[in-house]
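I opened this notebook to record what I looked up in one structure.

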Amino acid sequence: MTNSGTTRRGMIGALAGAAAVTALPAESATAGTKAAETEAAVTKETPFRARPGSSKRPNILFILADDLGWADLSSYGSPEIRTPNLDRLARSGVRFTQGYSAGAVCSPTRVALYTGRLPGRTPGGLPEPIGSVNERDGIPATHPTLASLLKKTGYATALIGKWHGGFLPNFSPLRTGWDYFFGNYSGGVDYYSKYSHTGKYDLFEGETEVPDDGRYYTDVIADKAEDWITKAKKQGKPWLLNLNFTSPHWPWEAPGDRKISEEITAKIKAGNTQAIFHNDGGSLETYTKMVENLDARIGQVLNALRRSGQEENTLVVFASDNGGERFSYNWPLTGNKGSLSEGGIRVPTILRWPARIRSGQVSHEPVVTHDWTATLLEIAGAAPSPDHPLDGASFAGYLLRGADAPERDIFWRTRANRALRRGKWKYLRLSTSDALYDVEADPREQANLAAKHPQIVAELRAKWEQINAGLLSY
């Protein structure tokens, strides 16, 4: 396989990204309006090609959305939601059509990103998701992370937004390599009151609770990130910022929905902690507003990066922690958050690094969350810990030197499901029977080919069980 975009995987891979448009709106002076985005001229994407060269170690901005569906961005095919800032990010770098999350829900994916390893390697990756305060469910301070390994090589590190790697008093970003933390420890908070499913207020700077200023949480996170990026330039060393938004995760509150927030928060304080899941609320209109606000706030952060003069040598990755939930647009995929069907684990994924990566490109190579950890460590010149070998495969050679993309099996598991992808084949068990799909030709997973190819099913099942045997048990 080569990275020229003309391989069988690359050509057929376009079918797997059928929901994604292959042309992106050109930037205009009024790109923030829906009309301008609709009427704008288009710039064709080209198959990815590396641009060999050299550069100093980049800053790293890793932006993670929460429960954003595969086609919730206009650059990935959404017919209603307009996301000019993320579309512009894609247009100025590489859009991946086969990006995957390491888990089907929040914390397993985050544990994989932080550690570069399969979620099942650590106790904190087993809950689906982490939901209670205890001494087991989290990332131990002794475990190396993306932040701690980069910090050893001279990087400044920060995590702003949703941590979800274990609760205080046992776990914290500050204990696992991040110099600065501002955000929430739990899986989700009310956007105005900052109360979580634990029944408690959840907004911290470091390990100290901070007062709420009453603003919409997505806006607060963006403001903190803008401030941190501006100050980071003065430190005179490269930096890592994990920017973890909670949007568009429930509760279904768009900017201005204070009355909904008050109702949910009152229920939580009265003892109904299930109210945060907002099973009786939400709408497509609200969801659209949430995603479009997320896009605007990401645009705010990217503008701050540009104004600070750090844009050229900052490597930006944007992804989601898993597939979309109730109001997401996932066409043509089936399944959503919690499922190992494509809709539960295939996520929009974008990379930009102006100093080294050409603009206007598309890649059909499968890449999963912990691959990014391995990739970023290699690019930054940080060695993984020999005692905690990475499960992710580095794409540094593919992205920067024209090497083939890594060939390997991609493994997933939940308590209820199992899946493994090898090339175009995906082995999937959602209940008690095994299925086999050609996800390049059939990303919707409707043609079960298990009966036609029993030997392939047997091989992939055996590989799944081999990998699973080396993981912690649920």
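My entries follow in the order in which I made them.

**Basis.** I worked from a predicted model, in which local features need pLDDT of at least 70 and side-chain atom pairs count only at pLDDT 80 or more, while totals for chains, interfaces and linings use all residues. Residues are numbered from 1 along each chain as its sequence is written, and side-chain values use heavy atoms, with hydrogens and water left out.

**Helix pair.** I looked up helix α4 (residues 106-115) and helix α10 (residues 369-380), which pack at an angle of about 15° with their axes 7 Å apart. Helices (H or I, at least four residues) and strands (E, at least two) are DSSP runs, numbered from the N terminus. Axes are lines fitted to C-alpha atoms, for helices over the stretch in contact, and angles run from 0 to 180 degrees between N-to-C directions. α4 and α10 are therefore roughly parallel to each other (angles under 35 degrees count as such).

I then noted which residues meet: Thr109, Ala112, Leu113 and Thr115 of α4 touch Thr369, His370 and Thr373 of α10, contact meaning heavy atoms within 4.5 Å. The contact of α4 with α10 comprises two nonpolar, five polar and no charged residues. Here Ala, Val, Leu, Ile, Met, Phe, Trp, Tyr, Cys and Pro count as nonpolar, Asp, Glu, Lys and Arg as charged, and the others, Gly among them, as polar.

**Cavities.** I found three cavities of 30 Å³ or more. On a 1 Å grid over the protein atoms alone, a cavity is a set of points where a 1.4 Å probe fits but cannot get out; a pocket is an open set with protein on both sides within 12 Å along at least five of seven lines; lining residues have an atom within 4 Å of a point. A volume is the space filled by probe spheres set on the points, which are joined across faces, edges and corners.

The largest cavity holds about 130 Å³ of space. Its lining has 17 residues, with Ala102, Pro108, Pro119, Arg413 and Tyr474 nearest the centre. Strand β16 (residues 410-413) gives the largest share of this lining, three residues.

The second largest cavity has a volume of about 50 Å³. Among the residues lining it are Phe62, Tyr100, Thr369 and Trp372.

The largest pocket contains about 240 Å³ of space. Of its 14 lining residues, Lys56, Asn59, Lys237, Gln310 and Asn313 are the closest to its centre. Its lining divides into four nonpolar, five polar and five charged residues.

Conventions: Parallel < 35°, antiparallel > 145°, perpendicular 65-115°, else oblique.
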